[in-house]
Amino acid sequence: MMRRALTLATALLLAAASAATSGAGASADHVPLLLRPAGVFDGVDGKVHAGWQVLVRGERIVAVGPDLSAPADARIVDLAGDTLMPGMIEGHGHLFLHPYDEASWDDQVLHEPLALRTARAVAHARATLRAGFTSARDLGTEGAGYADVGLKQAIDQGIVEGPRLSVATRAIVALGAYGPKGFEPGVAIPQGAEEVSGVEQMAAAVRRQIAAGADWIKLYADYRWRAGEDSRPTLSLEEIRAAVAAAHDAGRPVAVHASTPEGMRRAIEAGVDTIEHGYGGTTSIFASMAAKRITLCPTLAAADASARYRGWAGDEPAPPAVRAARESFRRARAAGVPICMGGDVGVYAHGSNAREMALMAAAGMTPAEVLVAATSGNARWMRVGDRLGAVRPGMLADLVALSGDPTVDLAALRSVRLVMKNGTIVAP
Ligand SMILES: [Zn+2]
């Protein structure tokens with residue numbers, strides 16, 4: 001143990017020295033690193049390959065397999081007892097939110113200054129990376145404007161630590177359909193997303209957000225029109241179509257919050273790329289999603305966390321909202337819908353992103369299927385599968401070492417021993 005700790009400490013010191021001399025975020029240390037774990041989970045085939053090693057040079061993986069012949073100048077990173085896997089990808093998060101049992105969503109949007117929210121987001125980004133999530137799709141700042149674009153730049157420039165981000169900026173909602181709500185109608189209340197009404201305003205909002213830095217466009221196809229109500233459709237089919245046309249023209253995919261059958265039906269018909277939540281999805285709706293290869297982000301952890309904030313202690317039978325989330329997840333899988341690993345983290349604590357993975361396993365996936373979803377699966381539908389999500393030569397060296405074997409027990413996700421992003425060791 002001591003020798004191993006020293007080896008790791010040495011590697012970290014070398015990485016730190018390299019970062020200090022090479023400037024903003026670059027991994028310009030081109031001394032090759034030979035990582036020697038107990039086994040490698042490559043993110044694709046669902047197996048742990050005992051005895052495999054990984055050679056990293058610069059920001060890329062250059063060789064993977066048993067008995068690699070290391071170059072004479074390679075530094076050895078001894079990871080005995082650990083499983084090495086691709087850096088995980090969070091599919092649905094909100095770095096500008098923190099758990100609702102700390103402050104309600106309304107209070108976060110209305111009472112927390114932008115600088116406070118941004119400072120929190122910096123800490124959240126660091127916690128995410130150190131939990132082994134080297135990439136993340138952030139689906140809206142919820143009232144924090146375009147601050148996600150600046151945070152992404154700060155991470156890319158090496159000013160702060162965090163995952164490689166795809167951001168959605170403000171998100172887009174139907175006029176009057178979102179929140180915060182319940183105030184004197186004559187007073188303008190800041191909203192958690194950009195409001196539109198009609199196809200022209202929709203196209204303008206999409207274009208404005210893309211110009212400001214949006215990598216994804218996020219829409220709300222349904223929502224609670226008044227607090228305490230069930231969700232009902234908000235954006236029309238024509239409005240969603242206008243958003244998809246403007247976004248796809250610019251090469252940006254579209255993510256849609258939808259939990260009602262009608263909201264989902266409109267999103268599918270309009271040709272969106274991912275549907276978030278989908279709690280009310282029926283067998284026929286999931287069949288049409290599967291036919292169009294639209295990905296579902298089931299956000300089981302958001303339903304679980306929200307129920308706990310309302311007093312659920314985790315006993316069975318679970319509350320109806322939790323059961324609905326599990327059942328829609330099972331229906332979607334049975335229909336062959338591509339499944340995202342994305343839990344709506346921010347509703348619960350950043351850094352505990354693996355909570356969604358545990359719930360996916362509890363709802364019927366094998367641990368290996370969950371791990372593939374969080375790596376090569378998410379990389380595929382996020383359109384980065386050519387460089388992320390797999391331990392293969394030529395891929396970016398985003399790697400995580402876990403104590404133990406996560407294909408046996410996902411609890412290993414809580415024992416992160418090493419995180420590497422772009423070939424640089426960022427965390428023990
Ligand atoms: Zn969300």
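**Figure 1. Strand 6 and strand 7 pair in the parallel sense.** The model is predicted. Four bridges link strand 6 to strand 7, the latter spanning residues 133-138. E90 sits opposite A136 of strand 7. Backbone hydrogen bonds hold the strands of a sheet together, in parallel or antiparallel fashion.

**Figure 2. Two histidines and one aspartate supply the protein donors of the zinc ion.** The donor atoms are NE2 of H92, NE2 of H94 and OD of D344. They lie 2.0 to 2.2 Å from the zinc ion. Along the sequence, the donor residues follow the spacing H-x1-H-x249-D. H94 and D344 link distant parts of the chain, 250 residues apart. H94 is in the loop between strand 6 and helix 2 (105-111). D344 is in the loop between helix 10 and helix 11 (355-362). Both H94 and D344 are buried.

**Figure 3. H124 is a buried residue of helix 3.** Helix 3 covers residues 114-130. The relative accessible area of H124 is 13%, under the 20% limit, so H124 counts as buried. Neighbours within four places in sequence aside, H124 contacts L95, L97, H98 and H350.

**Figure 4. Helix 9 and helix 10 run roughly antiparallel.** The axes of helix 9 (residues 300-309) and helix 10 (residues 320-335) come within 9 Å. They cross at roughly 170°. That angle is over 145°, which means the pair counts as roughly antiparallel. Helix 9 contributes L300, A303, D304 and A307 to the contact. From helix 10 come A321, V322, A325, R326 and F329. By class, the contact has seven nonpolar, two charged and no polar residues.

Figure 5. Most peptide bonds are trans. P180 lies in the loop between strand 9 (172-174) and strand 10 (194-196). P317 is found in the loop between helix 9 and helix 10.

**Figure 6. E142 and H277 have positive phi values.** Most residues other than glycine have a negative phi. Phi of E142 is about 55°. E142 is found in the loop between strand 7 and helix 4 (147-156). At 4% relative accessibility, E142 is buried. Phi of H277 is near 80°. H277 lies in strand 15 (residues 274-277). H277 is buried too, with a relative accessible area of 7%.

**Figure 7. D230 is an exposed loop residue.** The loop joins strand 12 (222-224) and strand 13 (231-233). The relative accessible area of D230 is 63%, over the 50% limit, so D230 counts as exposed. Not counting residues up to four places away in sequence, D230 touches Y223 and R224. The C-alpha atoms of D230 and H30 are separated by 56 Å. These two residues, D230 and H30, are 200 residues apart along the chain.

Technical notes. Residues are numbered from 1 along each chain as its sequence is written. This is a predicted model: local features need pLDDT of at least 70, side-chain atom pairs count only at pLDDT 80 or more; totals for chains, interfaces and linings use all residues. Side-chain values use heavy atoms; hydrogens and water are left out. Axes are lines fitted to C-alpha atoms, for helices over the stretch in contact, and angles run from 0 to 180 degrees between N-to-C directions. Helices (H or I, at least four residues) and strands (E, at least two) are DSSP runs, numbered from the N terminus. Angles under 35 degrees count as roughly parallel, over 145 as roughly antiparallel, 65 to 115 as roughly perpendicular and the rest as oblique. Contact means heavy atoms within 4.5 Å. Ala, Val, Leu, Ile, Met, Phe, Trp, Tyr, Cys and Pro count as nonpolar, Asp, Glu, Lys and Arg as charged, and the others, Gly among them, as polar. Buried means under 20% relative accessible area, exposed over 50%, partly exposed in between (1.4 Å probe, protein chains only). Two strands pair if DSSP finds at least two bridges between them. Donors are N, O and S atoms within 2.8 Å of the metal (3.2 Å for Na, K and Ca); water is not among the atoms, so sites may look incomplete.
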